[in-house]
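I opened a new structure today and kept short notes. Here is what I looked up.

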Amino acid sequence: MMPVSRRQFLTYALGLPISAYIPGAMANVLNDVLVEPDLIETLISRAHVPRHSDEIWVLVDDDEASLSIYRGNARLERFAPVSLGRSGAKTQRLRGSNVTPLGEFRINRFNYASKWHIFAGVDYPTPAHARMALTNGVYTQQEYDDYFAYYRRYGTPPQDTVLGGAIGVHGLGDADPDIHAKYHWTQGCVALTNAQIERLVELVDVGTRVVIR
């Protein structure tokens, strides 16, 4: 298998095939200036478009405190209210901030023995979050390089950088349902009731897109 450079990896991961429509040297220049402070917002703005008519995908809406499951453009389920991070939802999340990261993710694991009943983990921090962290001075160049080295080696993002990790959608477990109904209370995850998370995992799988906006 041929090694993939960080630049190539970022381009593939973000779905921005620059070289496909901009010739030669100009493509190289643009690849070098892909720095966008609002990169996550840019991705979110187009993430609501299904990849194909039969795609199962998940939309978490911070303003509505809701989670919806779609097949293409048809909504199959809607759960509300759901709980997000007690410090809100932002494009740039830091470890320990109790913020839910906004962005476009993929489910990459399930834990059916979680203290939260069921935990569906997502691939945060994504390459886009890493790029924005470098742009904003949150990552050093070395930390940025280390992020991609880890991702290329293990196929999943590191969970112990300044951006934090262990983000996903989970149930309540033994948490208080009355608090859940009234407040955002998580450390950055999206929380559903136990019944709702059971229904969610019936419909989704590893690889399912999760958009948090």
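This is a predicted model: local features need pLDDT of at least 70, side-chain atom pairs count only at pLDDT 80 or more; totals for chains, interfaces and linings use all residues.

Residues are numbered from 1 along each chain as its sequence is written, and side-chain values use heavy atoms, with hydrogens and water left out.

**Helix 6.** I looked up helix 6, residues 141-154. Helices here are DSSP runs (H or I, at least four residues) and strands are too (E, at least two), numbered from the N terminus. I then asked which residues of helix 6 are buried. They are Tyr144, Tyr147, Phe148 and Tyr151. Buried means under 20% relative accessible area, exposed over 50%, partly exposed in between (1.4 Å probe, protein chains only). On the other side of helix 6, I found Gln142 and Arg153 exposed. Just after helix 6, Gly155 has a positive phi of about 75 degrees.

**Rings.** I counted 9 aromatic pairs in the structure. Rings of Phe, Tyr and Trp (its six-membered ring) pair if their centres lie within 6.5 Å; planes under 30 degrees apart are stacked, over 60 edge-to-face, the rest tilted. Phe105 and Tyr124 pair edge-to-face, at 6.3 Å centre to centre and 65 degrees between the planes. Phe105 lies in strand 6 and Tyr124 in the loop between strand 7 and helix 5, so the pair ties together parts 19 residues apart in sequence. Both Phe105 and Tyr124 are buried. Ring pairs also link Tyr139, Tyr144, Tyr147, Phe148 and Tyr151 into a cluster.

Notes: The expected span of a helix is 1.5 Å times one less than its number of residues.
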